[in-house]
Amino acid sequence: MLLVSLVSLFSAAMMHTTESTADIFRAPCYKPADISSTRNCTKADIVFGGLTPIYTYRQKKCLETLENMRLSSVEYAEAMAFAINRINTDPTVLPGIVIGYEIRDTCSAPEYALRQSLEFVYNDVERGMMGIVGPVYSGNSIRVNDFVNLFFVPMISYASTSPDLSNSDRYPLFFRTIPSDSFQARAIAALIKKYKWTYVHGIYSTDAYGSAGFRALEKETQKLDIEFGFKVGLEIQASYSTVENALADLQRVNVTNSLRDRKRAFQNGSVLVIFAQQDLARTVIRVIHETPSLRSRNFTFIGCDAWGADIETFQFLTADGAVDTTPTALGSLSVTPKVTTLPLFVKHMENLRFTNSTGENPWLETYFEKKLQCKLADGTCGNKTFKGKTFATKVSKAVDAVDVFAYSLHAYFLASCNNEVNPVCFRRQVEFCKTDIEECRKNYSAILLNITFPSITGGDFSFNPNGDYVGAQYDIVNLKTKPNQEPYIDVVGGWDEENLTVFKDIMWIGDSVPVSRCSLPCNLGSRRVPLNLDPSTVSGRLSTKCWDCVGRCHNHYFLNTKKNPFGECQRCPGNQTSDDSRTGCQVLKVNYLRWSDPLAIFSVVIALTGIALVSTTLVVFLRFWNTPIVKANSRELTIVMLAGIMLSHLLTFVFIGKPTDSLCGVQRYFVTVFPSMIFGALLIKTNRIVRIFKSKTNMSQQLPCLGQGSQILLAGAIILGACIINSFWLAIAAPKAALVIKEENEDVTLACRHLYSYGLVPSVLYIMSLIISCIVLVNRMRDIPKGFNEKLFINLAAFSELLTWLTFVAIGIGIRDVRSDFLSVLIILSVNFTALVALGCFFGQKVFTVLFQPERNTREYVSKFSATAANKSGGSGSKVNTETE
């Protein structure tokens, strides 16, 4: 009680010294002094207070001038009076009870609203103050509620939408007939998303409304991958110069290097969200309108319910004259609670005349003059009315707030009167309330939270547990102009908690839907580097929508955006390479020597030709098995040589087709074994002939290891040597078919691993040693019979084979960028060439002689020495045994 007394005394002193009663809208009469008035009136039984921002508060002063009046606030005051008068004439609600109202101007300032609320609780027992309708601004509601909550005074706001007020623990007696801004934030975010605006700028007022609403909006835009670039909070009454300085970063001007990224980013984006009270929104739009570098950017403004649906935001009076920012603000889109027209209130306003008004509205004269743009004093208003005029969008919410109080109080009185509508009992409850006003307010506030009643706007009205209005529906409004350039607000769409719809054409400031983004998309596959929008730190605030393009990923790399939205170049796996867009990988065609490849067909033709020639030679030799030429050719070793040549040609078919581990083993093992059969048998054969004809004795049988069996064993030993080398190679490096990937030309080949490596060198050297040995021995055949002397052909074959294998080694091992399937063809051709040369040199002449020169297939011709050889031997050819085999 001490606290109440002190506050009351302080309030009384302050009010009596700082305010007059001219700025209070009261009715009906409820003070004894009022009874002596010349106007008949009835004393009110209970009173509802009202707080609304009629004028602007600057420099600790309420500016009560025409240009500083808010028309919408006067309309809210009239709506409250209209609703209370309607209740007073309704016999079904609070019968026998007269409700009074006392509406005060908060002057758009929290400290002024608090000052006015002190008067409400001063002598409230006498007045029966049961609740307060308002204030409008969320900051005012917070300040006022913190105070009046001490006296258990419930408040119902029709315009305070800050999410901070949805806290029943902190604000247990605060209610509102308008949805929380958490819903408005979702609606604005949905609107931005609909038009694919990914990068926008934001300005908000630093009061409870703007700060909390903008925080909620940022949370919603983050969910939708929308980024705010430039954003700043300013005081509601920020001066023109303050706003101008704050918007400097948005201007297209030269900047220092430290601000380069941020300024460059802020100069992009064409959508500006203004989540602020009307005064600040006016100043921001005016600064942009009067600053050429900002106006040229053709901003599309996104507004909130505090200013977006009010023409006064764009056309208003200042001390310097009228201001019209419509050309700059044209196309603005705003989200505002769904407008519900009240025909009875519209009729009330249309019938309102200043001269015959029965109300006590102290702001009505100024309202008439500003709304109708006339002067009552000089008669220019004439018979002008408000017919055809539009009124504030939240009028229905103000009426609902009055009805909530009335129906809740009615329910409380009804419960106290045993659920009987008894006017006498109701009046006794009024008297009880005046004796213990705080207890009365506490009791009926509990009913207030759970009240449900038929709203004047249609449907049932109720609150959720936080005291917020149940049901969030918003209109999407667009600032348009009529053909005569008169601006008007048009409802073009709506939002109903989940879905956004646009059912009318929108008038944009340009010819089409604006584009609002920070950076143009990079080319497909290009990596991006985000810009630093906070120059005060090294790492800074890296933008998600502002970037530089730094080029595409290299071959075999793709742009991976799963972990980093800007992308990282990541290597493609295995036998894959990057696609043309560098945004993914594609499987490369695996190359190997297919049967349909031209090189494979060519190789098969060569092999089949060789097989046919070998078969023909074998048939001829078998047919003429016992003729001198065939005998002189060492028949058993000839079979070994022909077998080596035949197998070399057949090896071609192992190299064609899809490689497997088994086929790789066969290729690697026999690629040098089969040539060793040819040159191993040739070496033994050549050695035998040289030994026979160079021997001192006349009987070849006396020389060791010249028999048929010995020759076969010696040839087998040479072949075994090649087998041992290859077996050792297979043991230390197992054969395996593997993918060979060459990044530089995106070539993937399935080839036999280790086939083309230095492990091949010992085998090749072994064959080359056989060839060189044959060359050394054959050069000793200078004085032997023609039938046995193959020096020319052996030299030709040996040097050809030597050159072939040296070439193969150089290409197959020394050149690493040759495709593996091409190397397979190289081996095939090398082996086939070896076989064909051997076949042609060692057997071609003999087959020709046997078939086409039978006269030379005689012992005499075979045993005949050349002229040179005969002279050197002294005609000793008779000692040669032509049966040598």
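Start by colouring the chain by pLDDT, the predictor's confidence in each residue from 0 to 100: the average is 81, and 83% of the residues score at least 70. This is a predicted model, in which local features need pLDDT of at least 70 and side-chain atom pairs count only at pLDDT 80 or more, while totals for chains, interfaces and linings use all residues. Residues are numbered from 1 along each chain as its sequence is written, and side-chain values use heavy atoms, with hydrogens and water left out.

Next, select residues 697-701, where pLDDT stays under 50. The model gives this stretch 7 contacts (heavy atoms within 4.5 Å) beyond four places in sequence. Hop to residues 866-885, also below 50, with 28 contacts beyond near neighbours in sequence.

Now for the inside. The largest nonpolar core has 76 residues. Such a core is a set of buried (under 20% relative accessible area, 1.4 Å probe, protein chains only) Ala, Val, Leu, Ile, Met, Phe, Trp, Tyr and Cys residues joined through side-chain atoms within 4.5 Å. Pick out M130, W363 and Y367, which have the most contacts inside it. Helix α16 gives the most to this core, 12 residues. Click on Y367: its partners beyond four places in sequence include M69, V74, M349 and F386. Another core, of 64 residues, lies apart; V671 and A715 are among its members.

Finally, show α3 (residues 71-88) with α16 (residues 395-416). These helices (DSSP runs of H or I, at least four residues, numbered from the N terminus) pack at about 40°, axes 8 Å apart. Axes are lines fitted to C-alpha atoms over the stretch in contact, and angles run from 0 to 180 degrees between N-to-C directions. Among the residues that meet are Y76 and F82 in α3 and V399 and V402 in α16.

Methods. Helices (H or I, at least four residues) and strands (E, at least two) are DSSP runs, numbered from the N terminus. Buried means under 20% relative accessible area, exposed over 50%, partly exposed in between (1.4 Å probe, protein chains only).
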